[in-house]
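Student: Could we go through this model together, a few residues and elements at a time? I would like to see how each answer is reached.

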Amino acid sequence: MRWFDGVSDYTHAGVLVRHPAEPVWGVVHASSDTRRVTLDRLDTFTSVDGIAAAGLYRWRGASPAAQQTLQADAISTVGRPFDGAFDAAETTRLYCTELIWMLAQSGGWAGEPVLKPISTPLGGLRVITIESLLRDLPLQRVWHSGLSQPSNPLPV
């Protein structure tokens, strides 16, 4: 998604969850590789070639119950088709930032997204950018690292 948003350090987004089948952290994300929303181990999600930075954000002011609901809602999207047309109006298919925004709406943290018109290899689109997530959602940065600063911000 770098061509969507040259402003942020990030090219992809997902929701951090406790993996339901393993005692590890996982990430729910809409993957163009698998053509669906998937749940990957955190170490798999962050081991993609060419990754330059990673960040961890939390919902500002979210109660533990709201965080659990968000995780359950994210896990419930696993298997939904990937939205390769990047059409924010079509909600049965999802792309990564659309998934995050949909979960924010279901949690009562966001209204309608501001769509950014862009010119892409796919033609003209109006999309939810990572910049928009960081600017318009109540997110608080917990951790950020480039490849030169690897560390594990999560408790085991």
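Student: Is Asp 9 buried or exposed, or does it fall in between?

Tutor: Good place to begin, with a predicted model, where local features need pLDDT of at least 70, side-chain atom pairs count only at pLDDT 80 or more, and totals for chains, interfaces and linings use all residues. Residues are numbered from 1 along each chain as its sequence is written, and side-chain values use heavy atoms, with hydrogens and water left out. Buried means under 20% relative accessible area and exposed means over 50%, with partly exposed in between (1.4 Å probe, protein chains only). Because its relative accessibility is 43%, Asp 9 counts as partly exposed.

Student: Asp 9 lies in the segment before β1; how far is its C-alpha atom from that of Ala 52?

Tutor: Helices (H or I, at least four residues) and strands (E, at least two) are DSSP runs, numbered from the N terminus. Asp 9 comes ahead of β1, which covers 15–18. Along the chain, Asp 9 and Ala 52 are 43 residues apart, yet their C-alpha atoms are separated by 7.6 Å.

Student: Which residue in β2 stands opposite Arg 18?

Tutor: Two strands pair if DSSP finds at least two bridges between them. β1 and β2 pair in the antiparallel sense over 4 bridges, and a hairpin of 6 residues joins them. Opposite Arg 18 stands Trp 25.

Student: Why does Ser 31 count as buried?

Tutor: Ser 31 belongs to strand β2, residues 25–31. Leaving out residues up to four places away in sequence, Ser 31 touches Arg 36, Thr 38 and Phe 82, where contact means heavy atoms within 4.5 Å. Ser 31 counts as buried because its relative accessibility is 6%.

Student: How many of the 11 residues in helix α3 are buried?

Tutor: Helix α3 spans residues 96–106 and is mostly covered. Its cover includes β1, β2, β3 (36–41), β4 (53–59), α2 (64–76) and α4 (130–136). Among the buried residues are Trp 101 and Leu 103, and the count is 8.

Student: What share of the 156 residues in the protein is buried?

Tutor: The protein has 4 helices and 7 strands. Across its 156 residues, the buried share is 37%.
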